[in-house]
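Hi there,

I am handing over the structure we talked about, so please open it before you read on.

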Amino acid sequence: MTQPEKYQCCMVMAGGGFRFGYYLGMYAAAVDTGNKPDLLLASCGGSIAAAVIQALPDDAQRKAWISSPAMYQFLCGLQSTPKAAIGRSFVHAIKRRLTAKRARVIPDLFSDYFFDIPARLPLPQLRQPSESAVAVAIVGGKMLFGKEEVGKPRKHRKLFAETVFGEARTAALLEGMSSPLSDPIWGDNAIAPQLLTDVEMPIGDAVRISISDMFYFRCHSHQASHYTGGVVDLFPIELAKRLAHRVIMELKAPFSQALAIPAWRAVLGVDGNQRLRHVHSQFADVWIDASDVDSVFQKGGMQKKVSWSKNRFRLLMPARYETYLDHVEDQWQYGYQRGLEAFAKPGANHKQHMRHATRHNKGSA
């Protein structure tokens with residue numbers, strides 16, 4: 001079988017949570033500066049943006065879709081579960097922080113999660129794929145264990161197979177590649193070496209899989225298999241280089257040593273900040289600095305709040321729909337301006353990004 005031609009340019013939409021509006025702005029900046037990607041490689045919240053970009057033909061329609069009452073109601077519908085009780089959450093976080101062993105037991109991704117996601121994601125349908133439409137590949141993780149095995153000692157077993165959902169061309173280009181996070185440099189990790197591809201998964205399910213972050217949302221089931229989120233390879237720079245001649249990446253802020261890093265270690269057996277430093281040390285043709293996105297939007301958009309009266313951690317959206325529209329616009333403008341800055345001086349951006357990465361990510365778990 002002849003190897004297909006690589007894509008010309010891959011934009012990686014890595015993470016982002018439910019602030020995915022800024023990816024639409026980044027993509028618009030790429031198009032407006034003559035850097036339009038022909039492939040979007042997405043994980044976590046970035047997969048929502050990628051699906052919207054592929055399905056709709058222009059910026060106005062894309063922005064209108066994520067600003068719609070349906071999207072607002074979807075985000076407002078994220079409800080806390082009993083597992084989000086304040087005391088329980090605190091105790092479990094402390095236990096993960098104090099446990100040095102990597103992925104010691106098989107995690108409960110079936111019932112140990114904080115928030116319920118409405119059954120249906122409000123995504124536009126890709127009715128008639130055209131040659132001009134950007135290709136989309138979405139990262140998720142196939143779970144290699146069943147519910148009946150939860151809580152048993154892992155004993156060095158591999159628990160997840162990184163899976164890329166996309167087109168046949170993407171699958172052919174990735175054939176024979178190993179999952180980057182399965183490398184022994186990450187220690188006794190729980191990621192299987194073989195990288196899987198899936199060209200049949202509906203994009204709505206692929207997006208739902210990718211946003212299924214451990215301990216936040218339930219794993220996603222499809223045709224008797226179970227999947228967890230894009231966190232299994234949240235910053236897939238190696239995949240992007242395999243798929244395309246040019247790569248556009250984000251500079252990201254480090255993870256919380258108190259909460260996120262212990263969760264990575266407990267489930268995946270990987271130090272998330274070590275992985276992030278490794279990604280930042282690699283070459284990309286363009287680096288877009290989004291390392292301050294959390295601080296910029298600290299008081300805007302969806303917020304995780306403590307509800308003492310209800311004894312819950314809750315995800316709260318702005319009470320007024322009009323306020324939500326303002327936040328979407330702010331996210332879009334943030335992504336657009338950061339994109340313009342990066343594309344204006346890609347060479348200088350590459351030379352400087354390591355200085356920013358070192359400043360933002362010095363700690364280790």
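Of the contacts in the chain with a separation of 6 or more, 81% are between residues 24 or more positions apart; contact means heavy atoms within 4.5 Å. Please keep in mind that this is a predicted model, where local features need pLDDT of at least 70, side-chain atom pairs count only at pLDDT 80 or more, and totals for chains, interfaces and linings use all residues. Residues are numbered from 1 along each chain as its sequence is written, and side-chain values use heavy atoms, leaving out hydrogens and water.

The chain has 365 residues, and 55% of them count as buried (under 20% relative accessible area, with a 1.4 Å probe and protein chains only).

Now for the rings. Rings of Phe, Tyr and Trp (its six-membered ring) pair if their centres lie within 6.5 Å; planes under 30 degrees apart are stacked, over 60 edge-to-face and the rest tilted. That rule gives 18 aromatic pairs. One of them joins Phe18 and Phe217 edge-to-face, with 6.0 Å between centres and 85 degrees between planes. Phe18 sits in the loop between strand 1 (7–14) and helix 1 (21–32), and Phe217 in the loop between helix 7 (203–210) and strand 8 (220–222), so the pair ties together parts 199 residues apart in sequence. Helices (H or I, at least four residues) and strands (E, at least two) are DSSP runs, numbered from the N terminus.

Happy exploring!

Technical notes:
Buried < 20%, exposed > 50% of the residue type's maximum accessible area, 1.4 Å probe, protein only.
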